[in-house]
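Let's walk through this one together, question by question. Have a look at the structure first.

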Amino acid sequence: MKKGFCLLLVLSVMLCSLFAQGTTETASAEKKVEFTWLHHLQEQGKQEWINTVVANYEKDHPNVKINIEMLPSDQYNTMLKTRIASGDAPMIFDLGNQLFTEFVQSGYCADVTDMKGMENYDADTIAQSTVDGKIYGVCIDKNAYCMFYNKDVFDKYGLTVPKTTSELLHVCKVLQDNGIVPLAAPFAELWCLRYYDMVLTDVQCCMDNKNWFVEKMDQSVPFSQDQKFKDCANIFYSFKPYWGKDPFGTKWNEAMNMVATGKAAMTLNGSWAIDGIMSINPSVRLGSFAFPTSNNPAGAIMVVKPGSSYCVYNNTKDPDVMAAAKDFFSYMCSKESAEIFAKAAHGLTGAKIDSKTDIEGLNDINAYQGKDLYVQSNLVVFTPEYQNTLFETLTQYGMKDSFDVDAFCKELDTKYKALKK
């Protein structure tokens with residue numbers, strides 16, 4: 001009798017233990033988890049992508065709540081650093097080249113090397129977010145930097161896509177003579193100004209010299225001794241008569257509106273401009289072409305770069321939040337997410353998916369192949385201090401009535417030497 005009672009007691013304890021274990025696992029699986037995705041994406045289509053992938057994930061994971069927070073582009077980097085320093089770090093965020101390595105070295109970015117989704121991206125894209133052999137983020141999108149133009153305006157005045165600087169200057173003159181602003185130049189925002197110079201230097205200075213940025217920062221090859229850079233600076237300034245009445249008072253939203261409505265024919269920016277301009281005027285016939293960098297047609301090269309690296313914050317204090325954020329990140333890196341991005345944002349994705357589209361501007365970009373295309377990835381570029389110094393100085397000289405390229409380069413060398421110290 002005692003033996004039977006003991007056996008029943010043991011079985012009862014085992015069953016209670018199993019029941020308790022099952023209850024704990026279920027509770028753990030259903031534990032409510034909440035985290036934030038902080039971003040600075042202003043374009044309507046990119047916001048649609050964010051909202052869609054979050055809604056899809058939350059539907060399949062009802063215990064997870066993802067808060068979406070957007071900041072203005074000019075505040076994003078500062079506020080991201082402030083949030084992390086104050087212990088209020090977002091679990092999902094993105095970083096440009098200038099900050100990525102710094103954040104990885106500071107331990108802010110989680111290692112995502114072995115996560116599902118990495119297989120959807122090619123080696124060049126993955127290399128952009130790799131440090132010491134480990135992957136700390138993914139460039140979900142990639143961007144082309146080129147000229148965007150209103151095709152109806154070009155057709156009205158019988159204009160064709162220029163392939164040399166002389167041809168582009170001619171196009172600008174024809175447009176201006178007919179009362180159309182040739183180039184909507186939004187130089188009130190420094191980040192926009194830099195693309196007008198970058199498309200020139202990327203092709204002429206960096207394409208055959210992977211160390212160009214380093215040589216300038218360490219002053220081993222100063223600006224004053226770099227004829228290619230001087231040529232690029234002179235070309236940049238040669239288009240000043242066609243920037244519109246108040247280029248240094250014009251903002252990016254104004255420039256997009258001008259092209260969308262035909263008040264301006266062209267603007268130069270990243271491929272996110274397609275979504276921005278089409279959101280203003282969905283019926284606009286928007287085309288794109290490589291900015292000519294010389295009087296040789298071979299210099300009309302489309303520049304494409306992986307976009308910002310999307311990262312997971314390395315949260316070592318809350319394993320449940322960390323696990324949920326990583327799982328969501330895997331979905332962000334899926335082909336399904338990439339297809340949503342390509343359709344909603346009218347943009348180029350870093351994932352290996354079918355790139356066919358009914359968007360003329362994107363098809364124009366995708367038509368550039370082989371020697372007409374420069375895919376720039378995994379370069380050491382200017383740190384924010386050096387970059388801002390270059391474009392603040394370019395702004396200073398761009399406002400002058402005449403351009404002294406030697407004085408411009410000499411001043412840059414002086415400032416870069418000071419930064420080096």
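**Helix contacts and ring pairs**

Trp252, Asn253, Met256, Asn257, Val259 and Ala260 in H11 meet Trp272, Ala273, Gly276, Ile277 and Ile280 in H12, where contact means heavy atoms within 4.5 Å. This is a predicted model, in which local features need pLDDT of at least 70, side-chain atom pairs count only at pLDDT 80 or more, and totals for chains, interfaces and linings use all residues. Residues are numbered from 1 along each chain as its sequence is written, and side-chain values use heavy atoms, with hydrogens and water left out.

Q: How are H11 and H12 oriented to each other?
A: Their axes (lines fitted to C-alpha atoms over the stretch in contact, with angles from 0 to 180 degrees between N-to-C directions) come within 9 Å and cross at roughly 65 degrees. Angles of 65 to 115 degrees count as roughly perpendicular. That makes H11, relative to H12, roughly perpendicular.

Q: Which residues of H13 does H2 meet?
A: Helices here are DSSP runs (H or I, at least four residues), numbered from the N terminus. H2 covers residues 44-60 and H13 residues 319-332, and the two pack at an angle of about 125 degrees with axes 11 Å apart. From H2, the residues involved are Trp49, Val53, Val54, Asn56 and Tyr57. On the H13 side they meet Ala324, Asp327, Phe328, Tyr331 and Met332.

Q: What is the angle between the planes of Phe187 and Phe248?
A: Rings of Phe, Tyr and Trp (its six-membered ring) pair if their centres lie within 6.5 Å; planes under 30 degrees apart count as stacked, over 60 as edge-to-face and the rest as tilted. Phe187 and Phe248 make a tilted pair, 5.5 Å centre to centre, with their planes at 55 degrees.

Q: How many residues apart in sequence are the parts that this pair ties together?
A: Both Phe187 and Phe248 are buried, meaning under 20% relative accessible area. Phe187 lies in the loop between strand S7 and helix H8, and Phe248 in the loop between helix H10 and helix H11, so the pair ties together parts whose separation in sequence is 61 residues.

Q: Which residue lies over the face of Tyr397?
A: Tyr397 belongs to a cluster linked by ring pairs, whose members include Phe223, Phe229 and Tyr416. A charge sits over a ring if NZ of Lys or CZ of Arg is within 6 Å of the ring centre and within 35 degrees of the ring normal. At 4.1 Å from the ring centre of Tyr397, the residue over its face is Lys400.

Terms used. Buried < 20%, exposed > 50% of the residue type's maximum accessible area, 1.4 Å probe, protein only. Parallel < 35°, antiparallel > 145°, perpendicular 65-115°, else oblique.
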